[in-house]
Amino acid sequence: MSDIYKDLTQLGGATALPASPEAAELERVQNPQADVDYNVRFTAPEFTSLCPMTGQPDFAHIVIDYVPGEWLVESKSLKLFLGSFRNHGAFHEDCTVSIGRRLVDFLDPRWLRIGGYWYPRGGIPIDVFWQTGPLPESVWIPDQGVPPYRGRG
């Protein structure tokens with residue numbers, strides 16, 4: 001096992017879903033390709049949170065693109081972090097931007113973009129987008145590939 005993985009605590013065994021996003025522990029490893037700009041994409045097509053007013057579930061397709069600097073997020077810790085929203089009450093905008101900001105604060109990437117494509121409840125789909133700055137010129141950033149909502153096809 002490489003030394004860059006020695007501090008990981010959640011990978012390789014059973015890990016309980018954190019009770020809240022605040023309790024979730026993100027983990028990172030040094031980026032062995034930090035001298036190269038490249039895009040990493042995570043897609044969570046079954047993201048779930050709760051409406052803070054009604055407690056009813058809200059569902060989204062979340063897409064995270066980032067150009068790493070010195071750090072990579074460990075994917076199991078990211079899955080657990082995203083899963084911790086399952087019992088968390090917050091509006092769509094807050095969930096989406098909070099995820100992006102937490103990753104930026106933790107990883108200090110060269111660039112990050114998050115798209116939250118929320119399924120309709122009450123007849124209105126809400127899409128939320130946030131990024132840290134202009135698209136980097138040196139790396140290919142594909143479209144997130146999530147079509148706009150078409151209720152009647």
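Q: How much space lies in the largest pocket?
A: About 250 Å³. A pocket is an open set of points on a 1 Å grid over the protein atoms alone, where a 1.4 Å probe fits and protein lies on both sides within 12 Å along at least five of seven lines. Grid points are joined across faces, edges and corners, and the volume is the space filled by probe spheres set on the points.

Q: What should I know about the model and the numbering?
A: This is a predicted model, in which local features need pLDDT of at least 70 and side-chain atom pairs count only at pLDDT 80 or more, while totals for chains, interfaces and linings use all residues. Residues are numbered from 1 along each chain as its sequence is written, and side-chain values use heavy atoms, with hydrogens and water left out.

Q: Back to the pocket. Which residues lie nearest its centre?
A: Ala44, Leu78, Lys79, Leu82 and Gly83, out of 13 lining residues. A lining residue has an atom within 4 Å of a point. The elements that give two or more residues to this lining are β2 (40-50) and α1 (75-83). Helices (H or I, at least four residues) and strands (E, at least two) are DSSP runs, numbered from the N terminus.

Q: Which element gives the largest share of the lining?
A: Strand β2, with six residues.

Q: And by class, what is the lining made of?
A: Six nonpolar, four polar and three charged residues. Ala, Val, Leu, Ile, Met, Phe, Trp, Tyr, Cys and Pro count as nonpolar; Asp, Glu, Lys and Arg count as charged; the others, Gly among them, count as polar.

Q: New topic. How many residues has the largest nonpolar core?
A: It has 27, and Ile99 and Leu103 have the most contacts inside it. Each of β2, β3 (57-67), β4 (71-73), α1, α2 (92-107) and β5 (111-121) supplies at least two residues of this core. Such a core is a set of buried Ala, Val, Leu, Ile, Met, Phe, Trp, Tyr and Cys residues joined through side-chain atoms within 4.5 Å. Buried means under 20% relative accessible area, exposed over 50%, and partly exposed in between, with a 1.4 Å probe and protein chains only.

Q: What does Leu103 touch?
A: Setting aside residues up to four places away in sequence, Leu103 touches Leu26, Ile64, Val73, Leu78, Asp108, Pro109 and Leu112. Contact means heavy atoms within 4.5 Å.

Q: Asp108 is on that list. Where is it found, and is it buried or exposed?
A: Asp108 is in the loop between α2 and β5. It counts as exposed because its relative accessibility is 60%. Its phi is near 50 degrees, a positive value in a residue other than glycine.

Q: Is helix α1 mostly covered or exposed?
A: Mostly covered, with seven of its nine residues buried. The buried ones are Lys76, Ser77, Leu78, Leu80, Phe81, Leu82 and Gly83, and they pack against β2, β4 and α2.

Q: What caps the N-terminal end of α1?
A: Glu74 does: a side-chain oxygen lies 2.9 Å from the backbone nitrogen of Lys76. The backbone nitrogen of Ser77 also has a polar atom of the Glu74 side chain, at 2.8 Å. A polar contact is a pair of N or O atoms within 3.5 Å; within protein, one must be able to donate a hydrogen and the other to accept it, and residues adjacent in sequence count only if both atoms are side-chain atoms.

Q: Where is Glu74 found, and why does it count as buried?
A: Glu74 is in the loop between β4 and α1. It counts as buried because its relative accessibility is 8%. Apart from neighbours within four places in sequence, Glu74 is in contact with Leu8, Leu11, Glu27 and Arg28. Glu74 and Leu8 are 66 residues apart in sequence and 8.3 Å apart in space, C-alpha to C-alpha.

Q: What about Gln10, where does it lie?
A: Gln10 is in the segment before β1 (28-30). Residues up to four places away in sequence aside, Gln10 touches Thr15, Glu25, Glu27, Lys76, Ser77 and Leu80.

Q: Last one: what does Thr96 touch?
A: Thr96 lies in helix α2 and is buried, with a relative accessible area of 0%. Not counting residues up to four places away in sequence, Thr96 touches Ile114, Gly115, Gly116, Trp118 and Val128.
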